[in-house]
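Take a look at the chain shown here. This report begins with one residue and then moves out to the whole chain.

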Amino acid sequence: MSAALDPVIHPAHRLRICALLAAGTTLELSVVKEHLDLSPSALSKQVAALVEAGYVGQSRHGGDSRRVWLSLTRRGQRAYRDHVAALQEIVAASAVDVPAEPR
Amino acid sequence: MESIDRTPDAAEARAALADVQRAQRAVRDTPWPTWIYPVNALLLGAMAATALLRDDRNPVFLAIGLTVLGVNVAAGYRMGTPWTVPTSRLFVALVLASGACVLAALVVADATTAAWPVLALAVAAAACYLVAGVVHRRTTGRPRASTGGTA
């Protein structure tokens, strides 16, 4: 396997957060919350883990400082890409392992 | 330091990838506010119509272009998704067609003195965008009342 699974991104909710940010570039925290079935405190915990790993950046900009914006850092983008590639490799390997049905 | 207890099997990996796709599609297809479609259509038509101006064509064209950008980025920030690109390829193709009509209007205006081809292209630019709006709304559904996109 050339790409490696990332232990920080591996939990399902964190993978989903990274997927949302990869698709949206910059998203408001409330949008991320809308797409996850998590309580505000659980979401904060997951986001904090990604921020601590240097994968996600948080900022408050624009007229409303109450709004928190999230985006993947360059390191986060690389880690997310590698993680997804590793998952794809697992799926691809299983397809190769399946013996062809005899005709 | 976090670690992975067990490498996921193929079914788990497939489920995780499907979840990734679902999440990305959901955020990219966030419904837009209804007002943005006619406003963009009008602005694109106006951009094409600036080709008819004899004086100050470039500054007016640039000003309307910046207004289009400003309106869309501001609406995006209000919705919390400023830079997402919708998943509908037909929508993207129609927006590109609308932009092509605007550029064609500029070229045609330099090649002829008649006003009607430019006006026809301005109407085509607006119409293309309106159709794109219908396509977009059909893929995303209506904006929910709780989002900023309904204003």
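## One residue and its chain

Tyr55(A) touches Val8(A), Leu50(A), Leu72(A), Thr73(A), Arg75(A), Gly76(A) and Ala79(A), leaving aside residues up to four places away in sequence. Two residues are in contact if their C-beta atoms, placed from the backbone, lie within 7 Å. This is a predicted model: local features need pLDDT of at least 70, side-chain atom pairs count only at pLDDT 80 or more, and totals for chains, interfaces and linings use all residues. Residues are numbered from 1 along each chain as its sequence is written, while chains are lettered from A and ligands numbered from 1 in the order in which they are written.

Where is Tyr55(A)? Tyr55(A) sits in the loop between α3 (40-52) and β2 (56-59) of chain A. Helices (H or I, at least four residues) and strands (E, at least two) are DSSP runs, numbered from the N terminus.

Tyr55(A) counts as buried because 24 other C-beta atoms lie within 10 Å. The cut-offs are 20 or more such atoms within 10 Å for buried, 12 or fewer for exposed, and partly exposed in between, with C-beta atoms placed from the backbone. Thr73(A) is 18 residues away along the chain, yet its C-alpha atom and that of Tyr55(A) are 5.3 Å apart.

Now the whole of chain A. It has four helices and three strands, in the order α-β-α-α-β-β-α from the N terminus.

| Share in chain A | Value |
|---|---|
| Buried residues, of 103 | 32% |

The C-alpha atoms of chain A fill a box of roughly 65 × 25 × 20 Å along the principal axes.
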